[in-house]
Structures are given as structure tokens and as C-alpha cells.
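Colleague: I am new to this structure and would like to learn how to read it. Please show it to me first.

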Amino acid sequence: FLNKLCIGTAQFGSNYGIANKNGIVKISEIKKIKKFALSNGIRTMDTAQAYGEGEKRLSKIGINEFTTLSKLPVTKPGTNRKKWVLDNIKKSLKILNKKFFHAVFVHNTNYLYDKKGREIYKGLVIAQNKGLVKNIGVSTYTIEEIKFIIKNFKKFNIIMLPYNIIDRRPIRSKIFKKLNTLNIEVHTRSVFLQGLLLLNSKKVPKKFHKWSNVFSSIEKVSKKLGLSKYEICLRYVLSNPLIDKVLIGTDNFSQLKKLVNISKKGNLNIKNKDIYPSYDTNLLNPSKWPGLV
């Protein structure tokens, strides 16, 4: 499972995660995370311009030993979208002191839907042809987005999507199998749903109480199996054979150590009926959380 893990770096440059008590990760911690990841065979790292000072801070420690994934900005593209794509890829490569990215993802799919959406796609294909990028992908939020992308854009070869023990949309829609058939690599994120799934049920913010049955079902299984929520959430996702990479965010070095030790334990078989799923995007999509009351 260790080579399935991909280090997420959102916390390296911004205050990320509902359960993050430490704020932005210190450079000294990032160095320890890098060393430990490499010594355990974790060779993939996910970056993005949207992660504040993340790229600049990573350039200080050097990440050339890692297969690096990057993302286009989430902000509105420039008028000439092909140039915008190429300029941003070159900018990130320069900051990180890399010659090419293993993959670059569209970070905001809204701009694939409008009239100029194909220009972003063409820009990525040009970047691929120039050798700046090996693979091109899309970071998605919904199954509908994925269906639109695979129908309209033939060259995307990696899809990143949210998936965790309560978010069974990819299972119900059979999208994992579909992507597998199309030979499209599957990367998942939101294993812990920004840490929400790890919180003690008494500490879950009030606005999430309407889903208390979902949280208490995780707690029951945790007690029944004598396993931490960390372990249940991570091993559940890693155990899916149709997933190529699992993105894990980490607030500090000891957290990564914990996740690596859990990953070494291998498969975990949990009956899906024992943990209640949710199909409500108000819970599953963190961008909707600020609007909850």
C-alpha cells in the first residue's frame, strides 16, 4: 500500500482542514516528512498554486526525488487560455526547480464547461507534447463532472475524485470500474474528509449534527474492531484495488508516521452496511460547509 500513498501538501502553504490544530506546517517538519516518506517508498507528491506559499516552501527543501503532481490555478483563466495553461505550468516548474511534472490537473472544472473549455484542454495537450507534463488530469467533485469529462475530452488520463468510507458515490455509480475500463488512472482524496471523520462525535461541530447517525456508525465499528478511526478510514480506501493513488494530507511528521504504520497493515474488510454512507453533497463537499447552519 505504501506506493499507493501520495503526500498532499495543502497544509504546507495554507491553513487547511477542519481538524487542523497546528496551522501551516513548519519547514523543519516538512523536511522530516520528506525524509520519512522517501525512506518508506512514498515517491508521489501533490502540489497546487492554490496552496498559498506551498510551492515556494517546497522549493526550499527540494522535491526532485518525488514524482510531482501539480494543478492549474482555481482562479479565472486569462483571455488566451492555451497561453494561460502553459504560462502557469512553466511558472510552477520554475518555482519548484523541476523540468517536468508527472501530471497536471485542471483544478476548477467550471472552466471546462464554458465556451472556451476546450482551449484549456488544448493547452494541456500542448504542454504534454512539449514534454512539460507527462499526464493530464482533472480534479473533480462529482460523478456528473467525471461523466462529462470522459465523454468530451479523450486525452485526460488521470481523474482525481473524493472518496472515503461514507462517500460511496463512486461505488454506487460504478465510476471506478468505468475509469478502469478506459485505462484512466484513479487518484482519490478526502480520505478523512478534512479530518471531520476522525473527530470524536461529541466534538463534531453543531452544523453537522443532522448526520450524527453517520458519525456514530464509524464510532461503533471502531469500538467493535478495536481499531482507530484513522485506521478504518485509511485502510478502507487503500483496500480498493481500482484505486491507483490515495492522497493523504498531513499536519505534522508524527501524523505521517502513524499513517505509514497503518498502511503497512494491508487490506481491511469492512461490511459496507456497518457504516452508514451519505450521498448528501452538503456533507461530502467541504466547499458547501460555510453555508451550513
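This is a predicted model: local features need pLDDT of at least 70, side-chain atom pairs count only at pLDDT 80 or more; totals for chains, interfaces and linings use all residues.

Colleague: How many residues of strand β6 are buried?

Modeller: Strands (E, at least two residues) and helices (H or I, at least four) are DSSP runs, numbered from the N terminus. Buried means under 20% relative accessible area, exposed over 50%, and partly exposed in between, with a 1.4 Å probe and protein chains only. Strand β6, residues 158-162, has 5 of its 5 residues buried. In a regular strand the side chains alternate between the two faces of the sheet. In β6, Ile158, Met160 and Pro162 lie on one side, Ile159 and Leu161 on the other, and all are buried.

Colleague: Which strands does β6 pair with?

Modeller: Two strands pair if DSSP finds at least two bridges between them. β5 and β6 run parallel and are joined by 3 bridges; valine 138 has isoleucine 159 as its bridge partner in β6. The chain goes from β5 to β6 by way of helix α7 (residues 143-152), a right-handed β-α-β crossover. Right-handed means that, with the strands pointing away from the viewer, the path from the first strand over the helix to the second runs clockwise. Strand β7 (residues 185-189) also runs parallel to β6, with 5 bridges, and histidine 187 in β7 is the bridge partner of methionine 160.

Colleague: What span should helix α4 have?

Modeller: The expected span of a helix is 1.5 Å times one less than its number of residues. Helix α4 (residues 81-96) has 16 residues and should span 22 Å; its end C-alpha atoms are 23 Å apart, which agrees. Its buried residues include Trp84, Leu86, Ile89 and Leu93. Among the elements that cover the buried residues of α4 are α3 (54-61), β4 (101-106) and α6 (117-129). Just after α4, asparagine 97 takes a positive phi of about 60°.

Colleague: Which residues of α2 are buried?

Modeller: In α2 they are Glu29, Ile30, Ile33, Lys34, Phe36, Ala37 and Leu38. The cover over them includes β1 (5-8), α1 (10-13), α3 and α12 (253-263).

Colleague: How many residues does the largest nonpolar core have?

Modeller: A nonpolar core is a set of buried Ala, Val, Leu, Ile, Met, Phe, Trp, Tyr and Cys residues joined through side-chain atoms within 4.5 Å. The largest one here has 89 residues, and Ile89, Leu124, Phe156, Ile165, Ile166 and Leu234 have the most contacts inside it. Helix α11 (residues 229-238) supplies the largest share of this core, 7 residues. A second, separate core of 7 residues includes Cys6 and Phe105.

Colleague: Is arginine 169 buried or exposed?

Modeller: Arginine 169 is buried, with a relative accessible area of 13%. Its place is in helix α8 (residues 169-172). A polar contact is a pair of N or O atoms within 3.5 Å; within protein, one must be able to donate a hydrogen and the other to accept it, and residues adjacent in sequence count only if both atoms are side-chain atoms. The side chains of arginine 169 and aspartate 167 make one of 2.7 Å, and the arginine 169 side chain also reaches the backbone oxygen of tyrosine 141 at 3.4 Å.

How values were computed
Residues are numbered from 1 along each chain as its sequence is written. Side-chain values use heavy atoms; hydrogens and water are left out. Contact means heavy atoms within 4.5 Å.
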